Amino acid sequence: MKSLRISDWVTAAATFAVLAVNLVLVDGGEGAFWPPGAWVLTAVASFVLVLRREHPWTVLVVTGAVGVAYYPAGYPDTFLSVTFVLALANLTLLVGALAGVLSTFAIVLGFVVAGRLRDTSLATDGAEIAYTSVALLGAVILGEGLRTYKAALRRAEEAERTREEEARLRATEERLRIARELHDILAHQISLINVQAGAALHRRDEEQAFTALESIKRASKETLTELRQMLGVLRQYDEEAPVVPAPSLGTLPELVSQTQVPGLTVRLEDSRDDVPLPAPVELTAYRIVQESLTNIVRHSGASEAVVRVIQTDGELVIEVTDNGTKASDPERVQRGNGLRGMRERASAVGGTVSAGPEPTGFRVRAVLPAEKGTA
């Protein structure tokens, strides 16, 4: 049994004090000399209330039995009925209205039976029976009202917790989205800049150095543009959406052109039709191609890469293959942030990504939903 609360004892003691004063004052003060049974039953009905939270049925049975024993015995007409009225309201609050209504009938029936056994007016007085029934049903209504009120409070608290959890979840998803965007933007462009600068330093050729510098300038400019766009979105609250379009499959030729670093040829095979795709799918497909090309530039040592874009009814298939032969740890590749980011992006729009080594190099394959006519 859980430890009883001080408030439970205070309630029980206060109830007994009120009933004791009532018992003493009833019938012009003669109540102090009523038989000990009246006092015992009053004490039992009062102090059993300390158990009302943990044992509502027991408390109702005890207080009801005390009432059935008290009134037909001819003891003074005190407020003892308050105890089983409280117990009944408490039972309804904790268990439900049905339990309260059934208990009301049981208590009234108990009074009638006890009245017949002792030949008192409780067995035949319709007004008294009706009064008792109405008082008990009033307790049921009170208990059900409190039950409904507490249930509404719990629902409101649960709704508030749910809103807070949803807000935290949205914040987490937004942080992940921003992290993926930053990774895709910076990893690709910085890798290209690094490769171009390395090639210029290695070859020491003035013409190629200028070509590399032009590529570096273009890549750094595009990186700054995309970063400004992202920061602009983060700073917005009620402002209008950014006018700079998000990357899409329509900008794949520029992406492929940027990846044409010394020693690497990239070819684009785009067999899509002209039907627009949903914007999230286009951005996801672009980022997957971007990350795949970044990995090729950084890790594969490939001399050739092919980007294939195939659109069928309801599906968009992206394949990026290369002929790289550099040894790599497959487990490390699977654990990398880039591949994990691809999978997260694809999953967010209902697609899948598979990646792994092949006899001729490495392949990344993404399958994304692409319902025609949606945008």
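Author: Let me begin with a term that we will need: contact means heavy atoms within 4.5 Å. Please also keep in mind that this is a predicted model.

Reader: Is Ser-46 buried or exposed, and why?

Author: Ser-46 counts as buried, because its relative accessible area is 0%, and the cut-off for buried is under 20%.

Reader: And how far is Ser-46 from Ala-13, C-alpha to C-alpha?

Author: Their C-alpha atoms are separated by 7.2 Å, although the two residues are 33 residues apart along the chain. Ala-13 belongs to helix 1, which covers residues 6–29, and Ala-13 is partly exposed, with a relative accessible area of 36%.

Reader: Then at what angle do helix 2 and helix 3 pack, and how far apart are their axes?

Author: Helix 2, residues 36–47, and helix 3, residues 56–70, pack at an angle of about 160°, and their axes are 9 Å apart. That angle makes helix 2 roughly antiparallel to helix 3, since the word is used for angles over 145 degrees. Helix 2 passes helix 3 in a left-handed crossing.

Reader: Which residues make that contact?

Author: On the helix 2 side they are Ala-38, Leu-41, Thr-42, Val-44 and Ala-45, while helix 3 brings Val-62, Thr-63, Val-66, Ala-69 and Tyr-70. Sorted by class, the contact of helix 2 with helix 3 has eight nonpolar residues, two polar ones and no charged ones.

Reader: What about helix 3 and helix 4, at what angle do they cross?

Author: The axes of helix 3 and helix 4, the latter being residues 81–94, cross at roughly 155° and come within 9 Å. Helix 3 and helix 4 are therefore roughly antiparallel to each other, and their crossing is left-handed. From helix 3 the contact takes in Pro-56, Trp-57, Val-59, Leu-60, Thr-63, Gly-64 and Gly-67, and from helix 4 it takes in Thr-83, Phe-84, Ala-87, Leu-88, Asn-90, Leu-91 and Leu-94.

Reader: How many of those are nonpolar, polar or charged?

Author: The contact of helix 3 with helix 4 divides into nine nonpolar, five polar and no charged residues.

Reader: Where is Gly-96, and what is it in contact with?

Author: Gly-96 has its place in the loop between helix 4 and helix 5, and, leaving aside neighbours within four places in sequence, Gly-96 is in contact with Leu-91, Glu-144 and Arg-147. The C-alpha atoms of Gly-96 and Arg-147 are separated by 7.8 Å, and these residues are 51 residues apart along the chain. Gly-96 is buried, with a relative accessible area of 9%.

Reader: Last one, how many helices and strands does the protein chain have?

Author: The secondary structure of the protein chain comes to eleven helices and five strands. Of its 375 residues, 38% count as buried, and among contacts between residues at least 6 apart in sequence, 69% join residues at least 24 apart.

Methods: Residues numbered from 1 in each chain as written. Predicted model: local features only at pLDDT ≥ 70, side-chain atom pairs only at ≥ 80, totals over all residues. Heavy atoms only, no water. Axes fitted to C-alpha atoms, helices over the stretch in contact; angles between N-to-C directions. Helix = DSSP H or I, 4+ residues; strand = E, 2+ residues; numbered from the N terminus. Parallel < 35°, antiparallel > 145°, perpendicular 65-115°, else oblique. Left-handed = near helix turned anticlockwise from the far one by under 90°. Nonpolar A, V, L, I, M, F, W, Y, C, P; charged D, E, K, R; others polar. Buried < 20%, exposed > 50% of the residue type's maximum accessible area, 1.4 Å probe, protein only.
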